[in-house]
Amino acid sequence: MAEIVYLNGRFVPYEEARVPVEDRGNLFADGVYEVIRFYGGHPFAMQAHMERLARSAREIRLPEIDVAALAEAGLETVRKNGIGDGSLYVQVTRGPAPRSHAFPREPKPTVFMIARELARPSRSLVEQGVACITVPDIRWARCDIKSIGLLPNVLAKQQAVEAGAFEALFVRDGILTEGTSSNVFAVKGGKLVTHPEDGHVLPGITRRLILAIAREEGIGVEEEPLAAALDAVDELFISSTNVEVMAVVSVDGRPVGDGRPGPVTRRIQAQYDRLVERVRAGESIDGLIAPRAS
Ligand SMILES: Cc1ncc(COP(=O)(O)O)c(C=O)c1O
């Protein structure tokens, strides 16, 4: 079946989807994006992702996005491609204009979506956990915006791949902020510790779901910076839409805890699995996610 993508209000075959070379996404990475998970063809926390997209767009002063219409088109993109377990990529840029840093007078945003099959992480990987490396956090101070400007993330992830690691974790002023495409949680004395929602991390949707799970499970949470020395850290895990909840069993070659996924991580994974199954059965889990303060 020919792949169908969404581009500026139309569903077109992949080969026919064209964006002008002077699109500001191309020239300046002047745009924002989202990645939404699907299980059995059903969206996982679609509303939360769309709200974050609208916020990212506002923060970079893009024209208002009709997120309800976009969500509908996103579902249609997934349907048209017959995606079961997959991932929908949504990108909005400030559109084409002759190259000049300041905004064009009348921006015409480019809106693009593509849906791809994506299996859940394999059971063996989840049971084994993954290795990570640390890298200096050279990114800007607005990591809360889901910007398509991802070069530091790209370079760091490549470094991880070349080191045989699964993910690179950013360290800023001795603080472990987040991964290249994941949030980070530590378990210390039975409590979760994760970086607060400030400019140094993306307010992850998976992160918020984990906080909701922790509340339900009676697991304490501290939204506080985590020292990269990882002193007294019993368990560590990363979270993201695509990777879900993944135990980190070593950092820079040193084992975390006993070098195996710990009990708190496994408890959260089990509850997360239940959410996935609820979505697969057609239920919405958006009601579980607390809206952000701003
Ligand atoms: C830098 C960064 N942090 C965190 C995350 C996790 O966010 P979410 O759980 O919403 O996928 C991502 C996701 O791609 C990311 O790119």
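A residue is buried if 20 or more other C-beta atoms lie within 10 Å of its own, exposed if 12 or fewer, and partly exposed in between, with C-beta atoms placed from the backbone. Keep that in mind for the stops below.

**Before you start.** This is a predicted model: local features need pLDDT of at least 70, side-chain atom pairs count only at pLDDT 80 or more, and totals for chains, interfaces and linings use all residues. Numbering starts from 1 along each chain as its sequence is written.

Colour by pLDDT, the predictor's confidence in each residue, from 0 to 100. The protein chain has a mean of 97, and 98% of its residues reach 70 or more.

**Stop 1: glycine 86.** Select glycine 86. This residue is in strand β5 (residues 86–93). Strands (E, at least two residues) and helices (H or I, at least four) are DSSP runs, numbered from the N terminus. Is glycine 86 buried or exposed? Glycine 86 counts as buried because 20 C-beta neighbours lie inside 10 Å.

Now show its contacts, meaning residues whose C-beta atoms, placed from the backbone, lie within 7 Å. Leaving out residues up to four places away in sequence, glycine 86 touches Phe38, Val78, Ala115, Arg116, Glu117 and Leu118.

**Stop 2: the sheet.** Select the six strands of the open sheet, in the order β2-β1-β6-β5-β3-β4, with antiparallel pairing. Two strands pair if DSSP finds at least two bridges between them. Look at the edges. β2 (10–13) and β4 each have a single partner strand, so one side of each is left without a neighbour in the sheet.

Zoom in on β5 and β6 (residues 110–117). They pair in the antiparallel sense over eight bridges. Threonine 93 has threonine 110, in β6, as its bridge partner.

**Stop 3: two helices.** Select α2. This helix lies across β3, β4 and β5, at about 175° to β3. Such angles run from 0 to 180 degrees between N-to-C directions, with axes fitted to C-alpha atoms, for helices over the stretch in contact. Next, select α3 (residues 67–80), which runs at about 135° to β5.

**Stop 4: two domains.** Colour domain 1 (4–117) and domain 2 (123–288). Their bounds come from an automatic or database domain assignment. The centres, taken over C-alpha atoms, are 25 Å apart. Where they touch, 23 residues of domain 1 are in contact with 16 residues of domain 2. Which element gives the most to the side of domain 1 that touches domain 2? β3 does, with eight residues.
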